[in-house]
Amino acid sequence: MNDKRRISILGATGSIGQSTIDLIARAPESYDVVALTGGRNVAALARDAIALNADVAVVAEDSALPALREALAGSGIEAAAGRAALIEAAQRPADWVMSAIVGAAGLEPGLRALQGGAALALANKESMVCAGPLMMQTARDGQGTLLPVDSEHSAVFQALIGEDLTAVERIVITASGGAFRDWPLEDLEKATPAQAATHPNWDMGQRITIDSASMFNKALELIETKEFFGIDPGMIETVVHPESMIHALVGFNDGALMAHVGMPDMRHAIGFALHYPERRALPVERLDLVTLGQMTFRPACEMRWPALRLAREVMETGGLSGAVFNAAKETALDGFIEGRISFPRMAGVVEEALTRFSATGGLIDAEVTLDNVAHADHLARQHASEIMRDGP
Ligand code: NAD
Ligand code: MG
């Protein structure tokens, strides 16, 4: 009998994807790799597909298919390309699927894997921001399990094991503060994408690293917290913790505050989700408290990081506002990366896009279905592009 676990990794060529592969490759006898997917990095995708003997490798871009075919020639591994092939690969029977595509593009593939009954390890926070109720309902309806991989949410999930949610008073999500936490506010206007993409503590993909500097990443995580744990937004707090050793804390009604502490290494959260419900040894560096010496905390200022204020509004509004928020954010982020808008302007663009969308009578309250999310996403990108074109 084959007792290997069938594994797929969506977004295998990215930062989270590569950390996942690092863990899988340490015990190849335990896993049967079904699908690996990537964007356009054919060389890395083919290398890993061959090393892990995957059934299929999928690139997002159609134009990359000939190169992928060539790289996989003679390996017996199927090569495919495009959105439909990605969705098809995500639906192939698997026991555990890593959802690590960046952005709203990761929603449908992950959702399909969950519908197929896989345990879905969710790094793609945008899925919960855009379609939290749909993701949670899908997990409840089917046999699929949803496991958080964002370090903060993995921390909360672990702190809640064996606890009763009704005893939870608050959830504290920590934030490093990103690249500009110590910059004078007036200098932010001149901040460049390269400066924003340098994270003090975590080694992550470019987009999430810039989102850390603007705290749009934290904003997404606050919304993700609300959706994942079904917690009242008023019970969710953010604190700046520059050392990034505490990943989150859960406060209970007896005054206890349970913290999840460890070195910033995503392989912890990925490995926890991989082995869940067991806790197994992981190759992460151990935290030496004496060497660390101290941990510090500061308030998360909404003047410096207006994304946090916008996240609160989105959590209160619910419905499709998360999809709008995320799509406008992705568009504004492109605008900043391409040099069309300044760093602080991103929040303004998102806020105006939310206002314009809310004015589109009743849409914001529409049911959170895949179609409605796609529609809201499309409109929000249009609004954000127009707002950027029109200037501040
Ligand atoms: P990344 O940019 O390093 O990798 C993204 C992956 O998605 C790559 O494989 C890329 O090829 C693929 N991809 C991008 N656009 C695609 C598209 N349109 N269609 C198909 N594939 C596409 O990103 P990352 O840092 O690994 O982050 C992945 C997800 O995990 C994000 O949602 C991020 O917010 C979340 N996350 C990341 C970290 C981290 O430490 N990197 C921590 C917590 C959560
Ligand atoms: Mg995180």
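How many residue pairs are in polar contact between domain 1 and domain 2? The count is 3 residue pairs, both members at pLDDT 80 or more, where a polar contact is a pair of N or O atoms within 3.5 Å; within protein, one must be able to donate a hydrogen and the other to accept it, and residues adjacent in sequence count only if both atoms are side-chain atoms. This is a predicted model, in which local features need pLDDT of at least 70 and side-chain atom pairs count only at pLDDT 80 or more, while totals for chains, interfaces and linings use all residues. Residues are numbered from 1 along each chain as its sequence is written, chains are lettered from A and ligands numbered from 1 in the order in which they are written, and side-chain values use heavy atoms, with hydrogens and water left out.

- Domain 1 covers 5-148 and domain 2 covers 154-264 + 300-390, with bounds that come from an automatic or database domain assignment.
- The C-alpha centres of domain 1 and domain 2 are 24 Å apart.
- To the contact (heavy atoms within 4.5 Å), domain 1 contributes 22 residues and domain 2 contributes 24 residues.
- About 1,900 Å² is buried between domain 1 and domain 2, and carbon and sulfur atoms give 71% of this area; buried area is the accessible area (1.4 Å probe) that two parts lose on being put together, summed over both.
- On the side of domain 1, the residues that lose the most area to domain 2 are Lys125, Val129 and Pro148, which together make up 36% of what that side buries.
- Between the two domains the rule finds 1 salt bridge, a term for a side-chain nitrogen of Lys or Arg within 4 Å of a carboxyl oxygen of Asp or Glu.
- Glu221 and Lys125 form a salt bridge through their side chains, at 2.9 Å from N to O.

**The side of domain 1 that touches domain 2**

- At least two residues of this side come from each of α5 (107-115), α6 (126-141) and β7 (145-148); helices (H or I, at least four residues) and strands (E, at least two) are DSSP runs, numbered from the N terminus.
- With 9 residues, α6 gives the most to this side of domain 1.
- Sorted by class, this side has 15 nonpolar, 3 polar and 4 charged residues. Ala, Val, Leu, Ile, Met, Phe, Trp, Tyr, Cys and Pro count as nonpolar, Asp, Glu, Lys and Arg as charged, and the others, Gly among them, as polar.

**Ligand 1**

- Around ligand 1 there are 23 residues, of which Thr13, Ser15, Ile16, Gly39 and Glu126 come nearest; a residue counts here if one of its heavy atoms lies within 4 Å.
- Polar backbone atoms also face oxygen atoms of ligand 1: one of Gly39 at 2.7 Å, one of Gly14 at 3.1 Å and one of Ala123 at 3.4 Å.

**Salt bridges in the whole structure**

- The whole structure has 28 salt bridges.
- One of them joins the side chains of Asp95 and Arg6, 3.0 Å from N to O.
- Asp95 is in the loop between α4 (83-91) and β5 (96-99) and Arg6 is in strand β1 (residues 5-10), so this pair ties together parts 89 residues apart in sequence.

- The peptide bond from Tyr276 to Pro277 is cis, with omega near 5°, and Pro277 sits in the loop between α11 (266-275) and α12 (289-292).
- Asn53 is not a glycine, yet has a positive phi of about 50°; Asn53 belongs to the loop between α2 (42-52) and β3 (56-59).
- Thr198 is found in the loop between α8 (193-196) and α9 (206-214), and its side chain reaches the backbone oxygen of Ala194 at 3.0 Å.
- Leaving out residues up to four places away in sequence, Thr198 touches Ala179 and Thr209.
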